[in-house]
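Me: I'd like to go through this one with you, a bit at a time. Could you take my questions as they come?

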Amino acid sequence: MTTFGRFSIAVAIGILATVSAAFAKPIRIVAVGASNTQGWYVGKQSAYPAKLEALLREKGVNANVVNAGIPFDTTAGMLKRIDSDVPKGTDIVILQPGGNDRRFLVTKEQRAANIAAMERRLRDRAIKSVVYDDEIPPQYYAFDFIHLTADGHAFIASQLLPRVLAMIDRRAGVASPRSRD
């Protein structure tokens, strides 16, 4: 075998080892939000962060999703705690700002500024973020029309799954077999 051939094989092995390590190391995800992130009525084990972690594992992704939901929090409170709740080594943050700003009379402009500031802080730390501020169909709300049912949490997890998978694939820099499912 030529020197060039040995070099090519060594490079290929190095690339494969790097890609394998990227997928073997757990993906660290933190979900930041208020009571719906925390799992009000359903508990943390049935909240969307836990359901998302289960969905990711079903897809073969070694992921840990940390639930950093605090009941009654607003985007201003989330902004204050974003650095302490998102430890070094976090790969992705899910920001679920919820509706407390409206209930506590925070303006739309201030809410948007708080969300933008959180995204900026995360970007400055090279952490990807997903803002989940989508309209949730009414059938997924509990009797108080504020908090989600278990089905509502499953709905959010299913909506977040493709977004998070796309970020994981971009992070690894390769198309994984999982992305073709």
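Reply: Let me begin with phenylalanine 143, which is exposed, with a relative accessible area of 65%; bear in mind throughout that this is a predicted model.

Me: OK, and which ring does phenylalanine 143 pair with, and how are the planes set?

Reply: Its partner is tyrosine 41: the ring centres are 5.3 Å apart and the planes stand at 40°, so the pair is classed as tilted. The two residues are 102 apart and the pair links distant parts of the chain, with tyrosine 41 in the loop between α2 and α3 and phenylalanine 143 in the loop between β4 (128-131) and α7 (150-172).

Me: Is tyrosine 41 buried, exposed or partly exposed?

Reply: Tyrosine 41 is partly exposed, at a relative accessible area of 45%. As background, most residues other than glycine have a negative phi.

Me: Where else does a non-glycine have a positive phi?

Reply: Leucine 105 is another residue of that kind, with a positive phi of about 60° although it is not a glycine. Leucine 105 sits in the loop between α5 (100-103) and α6 (108-124), and with a relative accessible area of 75% it is exposed.

Me: Back to the rings. How many aromatic pairs are there in the whole structure?

Reply: A search of the whole structure gives four aromatic pairs. One of them is formed by tryptophan 40 and phenylalanine 72 and is edge-to-face, at 5.6 Å centre to centre with 80° between the planes. Tryptophan 40 belongs to the loop between α2 (35-38) and α3, and phenylalanine 72 to the loop between β2 (63-69) and α4 (75-85), so this pair ties together parts that are 32 residues apart in sequence.

Me: And what's the accessibility of tryptophan 40 and of phenylalanine 72?

Reply: Tryptophan 40 is partly exposed, with a relative accessible area of 28%, whereas phenylalanine 72 reaches 57% and counts as exposed.

Me: What about aspartate 73, buried or exposed?

Reply: Aspartate 73, which also lies in the loop between β2 and α4, counts as buried because its relative accessibility is 11%, and the cut-off for that class is under 20%.

Me: What is aspartate 73 in contact with, apart from its sequence neighbours?

Reply: Setting aside neighbours within four places in sequence, aspartate 73 is in contact with Gly33, Ala34, Met78, Arg81 and Asn100. Glycine 33 is 40 residues away along the chain, yet the C-alpha atoms of aspartate 73 and glycine 33 are separated by 7.3 Å.

Me: Switching to α3: which residues in it are buried?

Reply: In α3, which runs over residues 48-58, Tyr48, Pro49, Leu52 and Leu56 are buried. They are on the same side of the helix, because they cover an arc of only 100° around the axis. In general, an α-helix has 3.6 residues a turn, so residues three or four places apart point the same way. After α3 comes glycine 60, whose phi is positive, near 90°.

Me: Last one, what's in the largest pocket?

Reply: The largest pocket holds about 280 Å³ of space. It is lined by 15 residues, of which Gly98, Gly99, Arg102, Asp134 and Tyr141 are the closest to its centre. By class, the lining has six charged, five nonpolar and four polar residues.

Key. Residues are numbered from 1 along each chain as its sequence is written. This is a predicted model: local features need pLDDT of at least 70, side-chain atom pairs count only at pLDDT 80 or more; totals for chains, interfaces and linings use all residues. Side-chain values use heavy atoms; hydrogens and water are left out. On a 1 Å grid over the protein atoms alone, a cavity is a set of points where a 1.4 Å probe fits but cannot get out, and a pocket is an open set with protein on both sides within 12 Å along at least five of seven lines; lining residues have an atom within 4 Å of a point. Grid points are joined across faces, edges and corners, and a volume is the space filled by probe spheres set on the points. Ala, Val, Leu, Ile, Met, Phe, Trp, Tyr, Cys and Pro count as nonpolar, Asp, Glu, Lys and Arg as charged, and the others, Gly among them, as polar. Buried means under 20% relative accessible area, exposed over 50%, partly exposed in between (1.4 Å probe, protein chains only). Helices (H or I, at least four residues) and strands (E, at least two) are DSSP runs, numbered from the N terminus. The arc is that of the directions from the helix axis to the C-beta atoms. Rings of Phe, Tyr and Trp (its six-membered ring) pair if their centres lie within 6.5 Å; planes under 30 degrees apart count as stacked, over 60 as edge-to-face and the rest as tilted. Contact means heavy atoms within 4.5 Å.
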